[in-house]
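Reader: I am new to this structure and would like to learn how to read it. Please take me through it feature by feature.

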Amino acid sequence: MCDHCGCRDLTPVRRLMDEHDRLRELSDVVRRALAADDLPRAQTGFRMLLEVLGPHVAKEEKALFPRLAEVAELADHVAVLEGEHADLFDAVDRLDDLAGGSGFAEQWADGVQRALHELDEHMFKEDFGLFPAALATLDGADWDAIDAWEGAARVMPT
Ligand SMILES: [Fe+2]
Ligand SMILES: [Fe+2]
């Protein structure tokens, strides 16, 4: 499956999929806290999720997507996924804008659950659509460039 290093576990795509797993774990933390009416725990879990999501999306949009957008048959799909990133962050902004007071907990919980559902669907499209297409399309030089971007981002967080 991976012609870059001979081990799919070492590719940037494998790392992106591991980050998806972490995002699903943190989504579960938020959902379980909401089910237990523990709003502070849900908010902490959601903040932790956003700390993973931000760099993850930056890596997709700056390192992976531009290479795939150059492939004619993938360009539209990449544009849809970028639009979903924007929609997710718009949903986060709306949560930040919610006024406190009565009704806040319910509005926040509803908004977060919708955002987590959108995130689930988005990650499914990447795991089973775009990432396999990337593994089939990109070559060793592309993976090296993505590795280099990741290395630079670790030195200077985006
Ligand atoms: Fe994404
Ligand atoms: Fe992703």
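**Reading the helices and their packing**

Author: The largest nonpolar core of this predicted model has 15 residues, and Leu23, Val30, Ala42, Leu49 and Val112 have the most contacts inside it. Helix H1 (12-35), helix H2 (39-69) and helix H4 (104-137) each supply at least two residues of this core.

Reader: What is the general idea behind looking for a core?

Author: In soluble globular proteins, nonpolar side chains tend to be buried together.

Reader: Which residues does alanine 42 touch?

Author: Not counting residues up to four places away in sequence, alanine 42 touches Val30, Ala33, Leu34 and Val112.

Reader: How should I describe two helices that pack together?

Author: Two packed helices are described by the angle between their axes and the distance between the axes. Take H1 and H4: they pack at an angle of about 160°, with their axes 11 Å apart. That angle makes H1 roughly antiparallel to H4, since the cut-off for this term is over 145 degrees. The crossing of H1 past H4 is left-handed.

Reader: Which residues of H1 and H4 meet?

Author: From H1, the residues are Val13, Leu16, Met17, His20, Leu23, Ser27, Val30, Arg31 and Leu34. In H4 they meet Ala109, Val112, Leu116, Leu119, Met123, Asp127, Phe131, Ala134 and Leu135. By class, the residues of this contact of H1 with H4 divide into 14 nonpolar, 2 polar and 2 charged.

Reader: At what angle do H2 and H4 pack?

Author: H2 and H4 pack at about 30°, and their axes are 12 Å apart. That makes H2 roughly parallel to H4. Their crossing is left-handed. On the H2 side the contact is made by Leu39, Ala42, Phe46, Leu64 and Leu68, and on the H4 side by Ala105, Val112, Leu130, Ala134 and Thr137. The contact of H2 with H4 has 9 nonpolar residues, 1 polar and no charged.

Reader: And how do H2 and H5 pack: parallel or antiparallel?

Author: The axes of H2 and helix H5 (residues 140-155) come within 10 Å and cross at roughly 165°. H2 and H5 are therefore roughly antiparallel to each other. H2 passes H5 in a right-handed crossing. Lys59, Lys62, Ala63, Leu64 and Arg67 of H2 meet Asp142, Ile146, Trp149, Glu150 and Ala153 of H5. This contact of H2 with H5 has 5 nonpolar, no polar and 5 charged residues.

Reader: Where is valine 78 found?

Author: Valine 78 is in helix H3 (residues 72-97). Valine 78 counts as buried, with 21 C-beta neighbours inside 10 Å. Apart from neighbours within four places in sequence, valine 78 is in contact with Phe65, Leu68 and Ala69. Valine 78 and aspartate 127 are 49 residues apart in sequence and 13 Å apart in space, C-alpha to C-alpha.

Reader: Let us end with a loop residue. Is aspartate 37 buried or exposed?

Author: Aspartate 37 is found in the loop between H1 and H2. Aspartate 37 is exposed, with 10 other C-beta atoms within 10 Å; the cut-off for exposed is 12 or fewer. The phi of aspartate 37 is near 60°, a positive value in a residue other than glycine.

Technical notes:
Residues numbered from 1 in each chain as written. Chains lettered and ligands numbered in written order. Predicted model: local features only at pLDDT ≥ 70, side-chain atom pairs only at ≥ 80, totals over all residues. Core = buried A, V, L, I, M, F, W, Y, C linked by C-beta atoms within 7 Å. Buried ≥ 20, exposed ≤ 12 C-beta atoms within 10 Å, placed from the backbone. Helix = DSSP H or I, 4+ residues; strand = E, 2+ residues; numbered from the N terminus. Contact = placed C-beta atoms within 7 Å. Axes fitted to C-alpha atoms, helices over the stretch in contact; angles between N-to-C directions. Parallel < 35°, antiparallel > 145°, perpendicular 65-115°, else oblique. Left-handed = near helix turned anticlockwise from the far one by under 90°. Nonpolar A, V, L, I, M, F, W, Y, C, P; charged D, E, K, R; others polar.
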